[in-house]
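Hi there,

Here is the structure I promised to pass along. Please have a look, and my notes follow below.

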Amino acid sequence: MWGSVRARDAERHLDAALVDLEEEIARTDSDSAEYDYMRGRLVAVRDAERAVSRITAQGESVLAGLGEAHDVLHEAFPV
C-alpha cells in the first residue's frame, strides 16, 4: 500500500513538472539557446513518468500474484 501511495506522489510531482515545463517552453522563443535544453528536459520527465507508471503496474502485478499464491497455499494446507 505505501509503495503505491509513494508512486502516486511521484506521478503527481512528475505531472506538475510537465505542466511547469510546458508553460516555460511556451514562453520561450524557439530560437533561444535554452529552448532545446528545455525540450530535452520535457522528454526526460515524460520518460520518467512512463517508467514510474510501468514500475507501479509491475509491482501491483507481483503483489496480485503473491496474493494468489497465498490463497493456493491456504487451499493446499488448510489451517
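Predicted model: local features only at pLDDT ≥ 70, side-chain atom pairs only at ≥ 80, totals over all residues.

T56 sits in helix 2, which covers residues 33-76. Apart from its neighbours within four places in sequence, T56 is in contact with A7 and E11.

Next, the nonpolar side. The largest nonpolar core has eight residues: L14, L18, L21, I25, Y35, M38, L42 and V45. Helix 1 (2-27) and helix 2 each contribute at least two residues to this core. One of the core members is Y35. If residues up to four places away in sequence are left out, Y35 touches I25, T28, D29 and S30.

How many salt bridges does the structure hold? There are three, and I take them one at a time.

R12 and D9 join through their side chains at 2.2 Å, N to O. These two residues are three apart in helix 1, so about one helical turn separates them. R12 counts as exposed, because its relative accessibility is 54% and the cut-off for exposed is over 50%. D9, at 28% relative accessibility, is partly exposed.

The side chains of R46 and E22 form another salt bridge, with 3.2 Å from N to O. This pair links distant parts of the chain, as R46 is in helix 2 and E22 is in helix 1, 24 residues apart. R46 is partly exposed, with a relative accessible area of 31%, and E22 is partly exposed too, with 37%.

The remaining salt bridge brings together the side chains of D47 and R50, at 2.9 Å from N to O. Why are D47 and R50 separated by about one helical turn? They are three residues apart in helix 2, which means a spacing of about one turn. D47 has a relative accessibility of 40% and counts as partly exposed. R50 reaches 49% and is also partly exposed, because exposed would require over 50%.

Best wishes

Note on methods. Residues numbered from 1 in each chain as written. Heavy atoms only, no water. Helix = DSSP H or I, 4+ residues; strand = E, 2+ residues; numbered from the N terminus. Contact = heavy atoms within 4.5 Å. Core = buried A, V, L, I, M, F, W, Y, C linked by side-chain atoms within 4.5 Å. Buried < 20%, exposed > 50% of the residue type's maximum accessible area, 1.4 Å probe, protein only. Salt bridge = Lys/Arg side-chain N within 4 Å of Asp/Glu carboxyl O.
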